[in-house]
Amino acid sequence: MSDQDRKKFVITRFDPDRDDEPRKQTYEVPVEPYWKVLDALNFIKDEIDPTLSHRWSCRMAVCGSCGMLVNGKPSLTCKDALSDYGDTIEVEPLSNFPVIRDLVIDLDGFMEKLHGVRPWIIRAKQRAAEEGTYRQSPEELEQFRQFSMCINCMLCYAACPVVANEPAFIGPAAIALGHRYNLDSRDEGNAERNGIFRGEGTVFSCSYANECSEVCPKHVDPAAAVNQAKINAVIDWAASFVVPRGGGE
Amino acid sequence: MAGAAHPDAMQPSRPGRTRTARPQRPPQFPFRGRYAAYTLFDITGVLYLLVGFVALRVVWALGNGAAAWHEVQRELTHPSYVAFHVIALISVVFVGVRFFRLFPKAQPPRIGPVKPPPQPVILGFLYAVWIGVAGLMTAILAGGIS
Amino acid sequence: MQRLAARTRYGLSEVIRHDVVIVGGGAAGLRAAIAAVEASPNISVAMVSKVYPMRSHTVSAEGGAAAVAREDDSFEMHGYDTVKGSDFLGDQDVIQYFVEEAPKELTLMDHWGCPWSRNEDGSVATRAFGGMSTKRTWYAADKVGFHMLHTLFQHSMRFDRIVRYDEQFVTKLLVDGGAIRGVVALDVREGVVRTILGRAVILATGGAGKIFPFTTNGNIKTGDGMSLAYREGVALKDMEFVQYHPTGLPGTGILITEATRGEGGYVVNSDGERFLVTRDYGVGTKAELGPRDMISRAIVMEIEAGRGFKGPYGEYVHLDLTHLGEQKISTRLPMVRELAKTYIGVDPVVQPIPIRPVVHYMMGGVDTDIDGATVIPGLYAAGEVACVSLNGANRLGSNSLTECLVFGARAGTKAVEFAAGSNDGSEAVLRRMGEEEAARIEALRGKKKGGEKLARIRRELNQTMESGCGVYREQASMDETVRSVARLKGRYADLALEDTSSVFNTELVVALELGNMLDVAEALAVSAAHRKESRGAHTRKDFQTRDDQNYLYHTICHFDPAGPRLGKKAVTLGTWEPEERKY
C-alpha cells in the first residue's frame, strides 16, 4: 500500500481580536484522489486545527457559500478538484472584500448592491392569484434565463479590477440580476432600473476586463449583462426625450 | 504584487460590528495572467492622448499657411514620429480586436421578434467596415498629399 | 486600528423586539415572512437565520413542485396520490387543504418572477414525477429549488418590514407565562448572544439529514429547530420516517433529481436489467416512477442480491439516461449533466450514472396542527422541520416545495393573528433567561476541559444511525442505536473544544449543531425501535407488513432527561380508507 498523497496548504488566518493583520499558516494534509479543495479544508478543521473558520454548505456548487481564492484565483472550493493543483495550494479569502475572520469575508456590501437594483417584478398593476399565471413563451424565457442562474458566490466581484478601485460600482452580479429582470417579459421596471444603472455606481464604470465572466462557475456571463445594460441604459436615456415617462402599460 | 484594494471596497453602508482586514486586490492584478492584456488595453489611452496632441499640431499648421504645413510634414517624417505612429497603429488594432471580441456579447438576445445575426456574421461585418473605412482614409490621405 | 478589548460576555445579552420572529430563511421561512407582512400593514418581522437566505438548503432542490394544473387532473387525484404515497398515515384534512392551495401558491411564484419552464403556448409546463398519477409537477429546468429560493428572497427584499438577522444561530426558545416570547440567538460574527423578543415565533429550519453519513443534505441540515421545540416540551412526531432518495451519487450523496426518471431514465443493475420492470418490487407499471421508498428498497435488495456494481465509494446501480439524447438532457436536465461530470466524472449523455439511495428528507418533525401551530401558544412550524402531517410515512417527490409555500403562508398568517392578540410577557424574566443562555454558551466556547473530540462523536453518530436506522431495519440494531445515541449524548457533555475566539467561531456553532443532532437522533431511534410494522419509508425485516390494526397512529416523542417518552396521536382520516398500497 503506497503512502497516502500529502499536500501542503498555505491558508490565510485572521482573528481580529488577536492579529493586527492577516497571516499565513501552513498545514500538511493527507489527501484522497477524488477530493475537492473543500474536503481538505474540512479535514483540517476536523482533524488538525478546529480554529479554522470557513463557510460552506451544499458542496454541490449551488449555494454559493464557499468562494475563496485558490492559488490566487477566485474559485468555488466545493467544485475545484485537488488533483488540478500541485503539491502546495494557497487558500485565501476572496479579494476585494473586507475580511471578518480567516477565510470569511463580509458580504453585507454585496447584499446592499443586490438590493439596490430592485431585483423583483415591477409592475404598474400586480396580477391577482385567481387570474392565473402569466403567459411567457419559451423564447421569452430564454431571453433572461442565463442571467437568472447566479448563485451569488461573488467570485465575479473578487475578480473585477473596477470593484477593487471604485467602492460605488454596482458590480457584475447585481447588474446581471437587474438586467435579468429588465429582460423578463413579466416585468415593467426597465425605466427605473436603467436610471439606477446610469446613476451612482454606474454600469459605465465597467472597463471591459471580462474577468467576471471568466471566473463565473455557473456560466452566467455577467460581462454580457453589463455591456447589454450599457446599451439599454443609453437607448432608454435617449428615448426618454421622445417618449413621455410615467403611466404604465 | 497586487496589494491592498480601495479601503472601502465592498464595504457596507454601515460598517460591521467587528474589525475587518482591508480588502486585497486580485493577486494577479495588474500584470499577471489575463490582467496583463487588460492593463495594456487601458494604458493605450495614453497613446491616444498623444495622438490627439499630434493631430492638434497638424491642424494648427494647416491654419498657419503653406510654410508651417511643409514644416510639420517634414517633422512627421522623423524616425521617432514614425515609430510612435507604428506603436499607435498596433495599439489601435489591439484595442479594436479586443473590443470586437466583446461586441457580440453586448447584443441583446432579441429586439422584438428580431434576433441578432450569428457571431461570425457580426464580426465579419465589423471588420469589413473597419478595414474598408481605414483603407478609404489611407487612400484619401495618400492621394491628398503629394 | 485598535484591537477590540477583551469583553466580558456574561450579561451582555442585548434585547431586540419584533412582532413575529421567524427562525430559518429557506422557502418556508421566506414565504411565512411575506405572508406575515402582507397580513398586516404595521407589524415588523424578524428573519433570523444561521446562514444568509440564499444559502438555505432549499437551493439544492432540483425536480419540481406539484400542483394541479391540467384539465385531466383534479384535487381529488392529487389528494389520493398523496394519501396513498403517505401509506395512509397522512392527515387527510391537511392533504385536502394542501392540494387546494397548491396551484395558487405556485401561481404567486410565477407572479413574483419564478422562471417556470413553459409549453409552446406560454402556459407553465408540467412533468411526470414518482407516485403522481398524472403530470402535475411544475418545474424550472432541473433547478426548481434554486429558482424558487432566489425568487422568494428577491421578492422579500421589497418589504422593509422584514428585518433580516443573518448568521445568527438560535439556541433557545423563550417560553414564559404559558406562551412563546421570543428566541435567544448567538451572533456568529460578533460572538455575542442576543435576545430577540416576538409575540409569535415560526420555526422554518428544515430537516436533519446530517445525522446520517450519506445524505443529499448540505452541512446546515442539523435539525436545529426540531431540537429547539423538543427541549421546550413540544413533541416530535413520526420521527422514524426518513426518506431515502433512490438516486444519489455514491460517496458524496449529491442529489440526482427524480426528474431524470420523470423524463424517461432507466434504473438498471449490473446485468443491464431494468429490475423495476422485470422483477416485482411493488411499483407495478409505474416502474421508475414508483414512490421513493419502494424504489430505494428495490435498489438495496438488488445490491444485496449481488446485482450491483462495486466502486471506490461503495456499491451502487446505474441510472441510464443515454437514450434520452443530448438535446433533451441539455434543455431539461442541464444541472444533472454538470453534477455528474463534476462530482463523479461521468457524462450522462454517453454513460450511465452510478447511483444509490441516500437520506434526503424527514417526514417527521415538530408536531403541529393544520395551521402550523404547536402546543405552545404562539409557536409555529412550517416546512421540513414540521410534521403537519402532510407526508405521513412517505413523501411524494415535488410535494415538499409546495408544502413549504402552502404551510409557510398559513403559519405566517396565523402567527400574525396570534401576535395581535398576545402580549409581551415579563421583560425582567426574559432578560434573565437570555443571560442564563448566554452564560451556557460562553461556558461551551473553547471549553478545553474534556476528553471527547467533536469530529469523532459526529462520525460515530453517523455510523450508528446508518447501521440501525437505514433502509431496512430490525429490532436488535435499532435497540443498539438507541443505546449508542444515549451514550453519545453522555460523551457530548465531555466535549473538549479548542477555539476560544469570539469572532466567527465556527467550532462553537458546529458543537451546538451536534447537540441538536443528538436530540433528533434520539427521538428518531426511539420512535423507530417501537414501531413494529413496515409502513412507508420505515421498513423492517422482522415485521414486513403494515399493521393498521395496531399502528395506524402518529408516533409522538417527548423529551425527558430520563429518556424520551413515547405516545400516540390519531391520524385524521377522511375520504380515503386505508387500503393495500400497490401501484
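Start by selecting A:C156: in this predicted model, A:C156 is buried, with a relative accessible area of 9%. Now show the sulfur atoms around that residue. The closest cysteine sulfur to that of A:C156 belongs to A:C150, at 6.2 Å, which is too far for a bond.

Next, pick A:C66. A:C66 counts as buried too, at 5% relative accessibility. Its closest cysteine sulfur sits in A:C78, 3.7 Å away.

Now zoom out and colour chain C and chain A separately. The contact draws 70 residues from chain C and 68 residues from chain A. About 5,900 Å² is buried between chain C and chain A, and carbon and sulfur atoms give 51% of that area.

For the charged pairs, select C:R458 and A:D46. They form a salt bridge, with the closest N and O atoms 2.9 Å apart. The interface of chain C and chain A has 9 salt bridges, and 37 residue pairs there are in polar contact, with both residues at pLDDT 80 or more.

Then turn to the chain C side that touches chain A. Elements giving two or more residues to that side include helix 3 (92-111), helix 13 (454-468) and helix 15 (506-530) of chain C. Which element of chain C gives the most? Helix 4 does, with 6 residues. Finally, colour this side by class: you will find 24 nonpolar, 25 polar and 21 charged residues.

Notes
Residues numbered from 1 in each chain as written. Chains lettered and ligands numbered in written order. Predicted model: local features only at pLDDT ≥ 70, side-chain atom pairs only at ≥ 80, totals over all residues. Heavy atoms only, no water. Disulfide = S-S within 2.5 Å. Buried < 20%, exposed > 50% of the residue type's maximum accessible area, 1.4 Å probe, protein only. Contact = heavy atoms within 4.5 Å. Buried area = accessible area lost by both parts, 1.4 Å probe. Salt bridge = Lys/Arg side-chain N within 4 Å of Asp/Glu carboxyl O. Polar contact = N/O pair within 3.5 Å; in protein donor to acceptor, adjacent residues only side chain to side chain. Helix = DSSP H or I, 4+ residues; strand = E, 2+ residues; numbered from the N terminus. Nonpolar A, V, L, I, M, F, W, Y, C, P; charged D, E, K, R; others polar.
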